[in-house]
Amino acid sequence: MASSRRQRGAAARRGAPAARARPRGAAASRAVTSSRAAASRGPVRSTRVTRQRRPRGRTRLRDRLRGVLRWPRNRYTTAALILVTVLSLAGLKLVYLQAFQAEALSQRAERQRETIIEIPAKRGDIVDRNGTKLAFSVETRTLQVNLRAMRAQWAEYARKHPESGKDFESRIIEISRYMARKLPELTTEEDLLARFRKPGPFTFLVDNVEPSVANDITAKYPEIAQEQRALREYPGGRLASNIVGFANWRMDSPDRSKHNIHGLIGLESARDNSLVGRPGRRLVDTGEGDDIPIPGTAKELRSAVTGSDLVLTIESDVQYELQRRLSDYVSRTNANGGSAVIMDVATGEVYALANDATFDPDNISSASDEELNNQAVTTPFEPGSVNKVITAAAALEYGVTTPRSRIMVPGRITVADRTINDAWPHGTLPFTTTGVFAKSSNVGTLKLAQRVGEDRWLDVAKKFGLGERTGIGLPGESPGRVPPRNQWSGSTFGNLPIGQGLSMTVVQLAGMYQAIANGGERVEPRIVAATVREDGTRVPEPAPDRVRVVSERTADQVLRMLRATTQDAPGYQNDGTAPPAAVEGYQIAGKTGTAQQVNPVTGAYSQSKYNITFAGVLPADDPRFVVAIRLDAPDTTLPLGHSAAPLFHDIAAYLAQRYQIPLSDKRAPVVPLILD
């Protein structure tokens with residue numbers, strides 16, 4: 001029996017009909033009777049149905065599925081297995097993410113909603129030698145708005161609350177009216193509305209807003225955002241603006257960390273790296289779709305480092321007086337302009353450096369090119385007779401003369417193809433060496449220069465710093481010009497010793513006389529004394545270069561000779577060229593200068609326009625200050641127009657009083673200039 005069951009099962013698995021079991025009992029009798037009855041009715045025609053054969057493998061799979069799905073219990077089991085499988089896979093993925101990817105995914109999400117904001121560093125101050133502020137920064141805010149977000153916000157509000165009558169337009173009118181009342185000096189309601197109605201996604205509204213006022217506005221109107229900025233203040237206005245320069249907020253760099261106050265001209269530009277400091281960085285969360293920080297989410301990554309303060313050598317009061325007096329003198333002489341410098345003899349420190357025209361940093365957009373140009377360092381000129389100090393120093397240094405030596409000086413001299421005259425007609429006269437320079441004889445100077453020789457004269461001129469920048473530290477400094485030796489013509493040496501055919505700045509001129517007043521040692525001029533770091537550490541500037549020009553003995557002899565320039569002796573013969581430069585109670589040494597200007601149209605020397613110069617030492621017996629002056633084409637027909645000596649007198653007298661300079665022990669002796 002067991003064998004028969006196995007055969008039927010095998011047949012079923014092969015798809016063949018199983019052999020029927022023999023009927024038993026009543027059931028079997030009914031089956032036999034039924035068969036006989038059918039047989040008595042006669043034969044039955046059989047019909048054969050032909051079925052299309054299907055692939056055996058596919059049929060087996062379908063039959064198995066039918067078997068499985070035929071009973072409800074099997075379907076539930078299958079569904080449960082599928083569900084368990086899916087949940088198991090999901091669980092495994094979750095475990096993977098939590099165990100191995102959680103930190104990376106968290107950091108990625110944070111990066112998507114965090115923004116790094118650059119914190120501008122406070123710019124360093126610029127102060128004078130006494131700590132008086134010439135330039136400093138104040139913190140301000142710029143108000144701005146995300147127009148795209150604001151339009152969307154108020155469009156949604158108007159849609160949900162149509163009865164309120166409020167929309168984007170009504171909101172900007174309200175805000176503009178309020179801001180215009182709070183900031184009457186910075187903006188108007190009309191300007192704000194125009195900015196709000198711009199088609200772009202974003203706009204700046206107002207600059208230079210006080211932080212407290214900005215906080216009031218943004219608290220009342222959350223749509224308005226504020227950005228930290230700064231404003232440069234110049235409390236002295238035009239005072240020393242040619243030195244200090246100008247700086248403002250700059251955003252032209254693609255690097256946002258450089259968005260800060262940066263210098264454009266003057267020391268603000270030349271020392272920008274020291275003044276600007278280092279910006280900080282802050283991490284903030286931002287709302288979705290914009291970069292507006294969410295309040296309370298700020299996290300400081302790096303503190304901003306304040307820029308270093310710049311300590312100058314100038315003194316504000318002295319600078320003011322020099323500017324005022326120079327500007328007044330230029331006006332009174334109808335000059336085209338003028339420059340002047342006051343320098344400490346021992347240190348080379350500049351106490352004041354002025355041009356007659358300076359700009360107002362609070363209104364720089366209206367400044368002219370002339371006002372922006374610091375002519376005292378950028379504009380060289382032919383100096384005239386103040387340059388004769390080179391010949392005086394070289395002649396004494398090389399022993400070709402002494403201060404009292406007699407020199408026969410005719411009224412004119414020929415050098416190559418050029419004839420040079422003295423400023424006044426005279427025959428041959430017995431000048432002393434002192435007289436040659438005190439009375440500024442061109443002919444006598446050239447005779448001494450010829451004794452020195454061209455090469456030795458040029459060597460001394462270079463030691464005085466001609467043809468090279470002084471290193472004062474101001475931008476745009478010109479080196480002036482001395483013709484290269486290989487370019488000299490036969491008449492060149494007829495021009496250079498008397499201050500024609502070469503050029504210098506007024507700072508270079510002051511440096512020449514500083515060397516004479518300082519015992520023959522030239523000290524590199526400076527206008528910056530030190531920087532002061534955020535923690536208060538003072539860092540002095542590098543020590544200035546020093547150049548030995550002539551011996552101390554020679555320098556002292558030259559200085560004594562130049563006292564005669566201000567000599568006012570009985571009779572014209574022994575008068576110097578600048579008695580008006582004298583200051584009562586002090587010995588004064590100095591030198592006048594008059595040089596023809598070059599006509600820019602013809603290229604020849606003008607017969608009506610001159611550079612008028614003066615360089616002097618106060619006091620000559622114990623030098624403290626050098627003052628150098630240049631006037632650009634004054635009207636020489638006016639009483640003051642032919643000389644800058646009166647201006648020197650006024651400046652020197654002011655310095656003597658301000659610094660309580662001790663009076664000279666005795667008056668300078670009157671010495672013969674032209675011998676009998």
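## Two packed helices

A crossing is right-handed if the near helix is turned clockwise from the far one by less than a right angle, and left-handed if anticlockwise. In this predicted model, the crossing of α12 and α21 is right-handed. Helix α12 covers residues 316-332 and helix α21 covers residues 645-658 (helices are DSSP runs of H or I, at least four residues, and strands are runs of E, at least two, numbered from the N terminus). They pack at an angle of about 160°, with axes 10 Å apart (axes are lines fitted to C-alpha atoms over the stretch in contact, and angles run from 0 to 180 degrees between N-to-C directions). That makes α12 roughly antiparallel to α21 (angles over 145 degrees).

Who touches whom? On the α12 side, the contact (heavy atoms within 4.5 Å) is made by D317, V318, E321, L322, R325, L326 and Y329. Helix α21 brings P646, L647, D650, I651, Y654, L655 and R658. By class, that's nine nonpolar, no polar and five charged residues (Ala, Val, Leu, Ile, Met, Phe, Trp, Tyr, Cys and Pro are nonpolar; Asp, Glu, Lys and Arg charged; the others, Gly among them, polar).

## The second largest pocket

The second largest pocket holds about 910 Å³ of space. Of its 32 lining residues, S385, A423, S440, N442 and T594 sit closest to the centre (a pocket is an open set of points on a 1 Å grid where a 1.4 Å probe fits, with protein on both sides within 12 Å along at least five of seven lines; lining residues have an atom within 4 Å of a point).

Strands β15 (418-421), β21 (589-598) and β22 (605-618) each supply at least two lining residues, and β21 gives the largest share, five residues. The lining has nine nonpolar, 18 polar and five charged residues.

## Reading the numbers

Residues are numbered from 1 along each chain as its sequence is written. Local features need pLDDT of at least 70, side-chain atom pairs count only at pLDDT 80 or more, totals for chains, interfaces and linings use all residues, and side-chain values use heavy atoms, leaving out hydrogens and water.

Terms used:
Angles under 35 degrees count as roughly parallel, over 145 as roughly antiparallel, 65 to 115 as roughly perpendicular and the rest as oblique. Grid points are joined across faces, edges and corners, and a volume is the space filled by probe spheres set on the points.
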